[in-house]
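This report covers a helix, a pocket, a ligand site and a few loop residues, in that order.

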Amino acid sequence: MNFELSPTQEMARDFTREFARREIRPVAAAHDREASIPWEIMAKAKELGFSGHDLSLGESAREAGEEPEAARISVLGAEELAWGCAGITIAATATSFAAAPVRQLGSAVHRALFRECLSGLDGEGHVKVAANCLTEPGAGSDLSLISTTAVRDGRYYVLDGEKQFATNGSIASLYIVWATLDRGGGREAVRAFMVPRETPGVYPGRPLAKMGIRASDTAPVAFERCRVPDWHMLGARAQAYREAKGVLDRTRALVGAMAVGIARAALEYAVEYAKDRVQFSAPIASKQGIAFMLAEMATSIEAARALVWRAAWMADRGIPNAHAAAMAKMQAAAVAMQVTERAVQILGGYGYVQDHPVEKWMRDAKVMDIFEGTGQILRSVVAEGLTGIRCR
Ligand SMILES: Cc1cc2nc3c(=O)[nH]c(=O)nc-3n(C[C@H](O)[C@H](O)[C@H](O)COP(=O)(O)OP(=O)(O)OC[C@H]3O[C@@H](n4cnc5c(N)ncnc54)[C@H](O)[C@@H]3O)c2cc1C
C-alpha cells in the first residue's frame, strides 16, 4: 500500500480540512449542546459533493481507466470532517450509508428514484436526506432476526415492522428498509426496499436523546401496511443480502476514519494544553507521566490510520477487505476512546467540564465502537477469518 497521497487525494484532504476548520468546528459545541440538526452544513456538503447524494462515486475514474481512489478519498475526508465534529459529519454524510445499497444492488431505475426522492428541498425548506434502516428492537448485531415483513400483494409489497436507531430516521425523505420475505428464511430472505417518506404507512418516530454525536438525528421508524411497488425492491437475486453486507466493508472503513479524526482532535488539544499548563514550576508536558501518554496517543492514532487506509486501498482495487475493514474500525474505535479519555485526564478537572471540547469528543467517540458493527462483532469477523470457525 502506498502512504503517499496523489495530487487529487491531497486536494480532497486539504479541502475538507479547511471546511472542517472554517464551517464545522465553530458551530460544533452549539449543535452538541442543543442537539440541533446542522441543516446549513448539510446543504453545503450536498452542494460540494461529499454528502453521499452522488451515486456515481468513483465511476468516472473507472470509466476513464484512472487509478481508482474513491474509497481513499472518502476516508481522508471523513477523518478531516470528524476532526471538526463527528456528529455534524454524520449529519452531513449519513445519506451515503443509504446510497451504498442502492449503488451496489440497484438498477438505473432505482438510481433515478433515489435522485428523484432527494432532489430539491423538503416541506420545511431543508436539504433532503435518506436513512438506511436495518436495526430493529429485536435485531441488532444479529440481522438474521429482522422481523419486518415484506409480503407480496400483486405488483406491490406490503411492509410491516418497526426499525430502531435509524440515522436521519425522523427527517429522511427516503428510507431504505430491510425486510424479510419469509420470517423462517434467515438472512437469505432479507431484501432492501426503497420507501419514499410520503408513502402511506410510514411513521417516523421522535429523535432519541443521545450521549454523543448529538447533531445527528437518530430515531425509530414504523412501517404499517406500507405498500410500495414491487420494483422498489433492491437486488432480487438470492444473494442480495450477502452482497449488501459487502457495503459494510466500505462504510466500516469510513467509521474508522471518523474515529481517527476524533482522536486526532483530542491529541492536538491535549498537546497544546500540556505545553501551556504549569504545575510544579514547569509545563505538565515536561512530566514523563504526561509526555508518555502523549507519545502513546500519537502512535496509536498513526497505527489506526494505517489500518483505515489499507482497508480503503483494498476497496479501491476490488480486493476483498472484510477482515481489513473490520480490523480498521475495531482498532480505530478503541483508539478514539482511549485517546479521548486520556485527553480528558491530561486536562484534569478542565477536561471534565464543557468549557473545553475534550469531554464532547469522549462522548462522540463511544458510538464508533457500537454502530456499523460493535467491537465484539468485528472481533468475531477477524477471528473467523483466522480460524475459519464461526464464533458469534
Ligand atoms: C447513534 C446510532 C446510530 C445508528 N444508526 C443506525 C442506522 O442508521 N441504521 C441502522 O440500521 N442501525 C443504526 N444503529 C444501530 C446499530 O447499528 C446497533 O446499535 C448495533 O448494530 C448494535 O445492535 P444493538 O444495539 O441491538 O446491540 P446488541 O446486538 O443487542 O448487542 C448488545 C451487546 O452484546 C454484544 N454482542 C452481541 N452479539 C454478540 C456476540 N455474538 N458475541 C459477543 N458479543 C455480542 C454487542 O457487541 C453489544 O456489546 C445506530 C446506533 C446508534 C447508537
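Helix α6, residues 95-105, is largely enclosed by the rest of the structure, because ten of its eleven residues are buried. The buried residues of α6 are T95, S96, F97, A98, A99, A100, P101, V102, R103 and L105. Buried here means under 20% relative accessible area. The model is a predicted one.

The largest pocket has a volume of about 1400 Å³. Its lining comprises 47 residues, of which T135, I370, F371, E372 and G373 are the closest to the pocket centre. By class, the lining of the largest pocket holds 20 nonpolar, 13 polar and 14 charged residues. At least two lining residues come from each of β3 (156-167), α8 (240-245), α9 (247-276), α11 (322-346), α12 (358-366) and α13 (375-387). Helix α9 contributes the most to this lining, with five residues.

**Ligand site**

There are 20 residues around the ligand, and T135, S141, F165, T374 and Q376 come nearest. T135 is also among the residues closest to the centre of the largest pocket.

| Residue | Protein atom | Ligand atom | Distance |
|---|---|---|---|
| L134 | polar backbone atom | oxygen | 2.8 Å |
| T135 | polar side-chain atom | nitrogen | 2.7 Å |
| T374 | polar side-chain atom | oxygen | 2.6 Å |

Taken alone, the ligand exposes 980 Å², and the protein buries 65% of that area.

**Loop residues**

G138 sits in the loop between β1 (130-133) and β2 (149-153). With a relative accessibility of 57%, G138 counts as exposed, because the exposed class begins over 50%. The C-alpha atoms of G138 and K163 are 9.3 Å apart in space, while the two residues are 25 apart in sequence.

Two residues other than glycine have a positive phi. For N168, phi is near 70 degrees, and for F280 phi is near 50 degrees. N168 belongs to the loop between β3 and β4 (174-180), whereas F280 is placed in the loop between β9 (278-279) and β10 (282-283).

Which of the two classes, buried or exposed, applies to N168? At 1% relative accessibility, N168 counts as buried. F280, by contrast, is exposed, with a relative accessible area of 78%.

How values were computed: Residues are numbered from 1 along each chain as its sequence is written. This is a predicted model: local features need pLDDT of at least 70, side-chain atom pairs count only at pLDDT 80 or more; totals for chains, interfaces and linings use all residues. Side-chain values use heavy atoms; hydrogens and water are left out. Helices (H or I, at least four residues) and strands (E, at least two) are DSSP runs, numbered from the N terminus. Buried means under 20% relative accessible area, exposed over 50%, partly exposed in between (1.4 Å probe, protein chains only). On a 1 Å grid over the protein atoms alone, a cavity is a set of points where a 1.4 Å probe fits but cannot get out, and a pocket is an open set with protein on both sides within 12 Å along at least five of seven lines; lining residues have an atom within 4 Å of a point. Grid points are joined across faces, edges and corners, and a volume is the space filled by probe spheres set on the points. Ala, Val, Leu, Ile, Met, Phe, Trp, Tyr, Cys and Pro count as nonpolar, Asp, Glu, Lys and Arg as charged, and the others, Gly among them, as polar. A residue is near a molecule or strand if one of its heavy atoms lies within 4 Å of it. A polar contact is a pair of N or O atoms within 3.5 Å; within protein, one must be able to donate a hydrogen and the other to accept it, and residues adjacent in sequence count only if both atoms are side-chain atoms. Accessible areas come from the Shrake-Rupley method with a 1.4 Å probe; for residues, only the protein chains shown count as cover.
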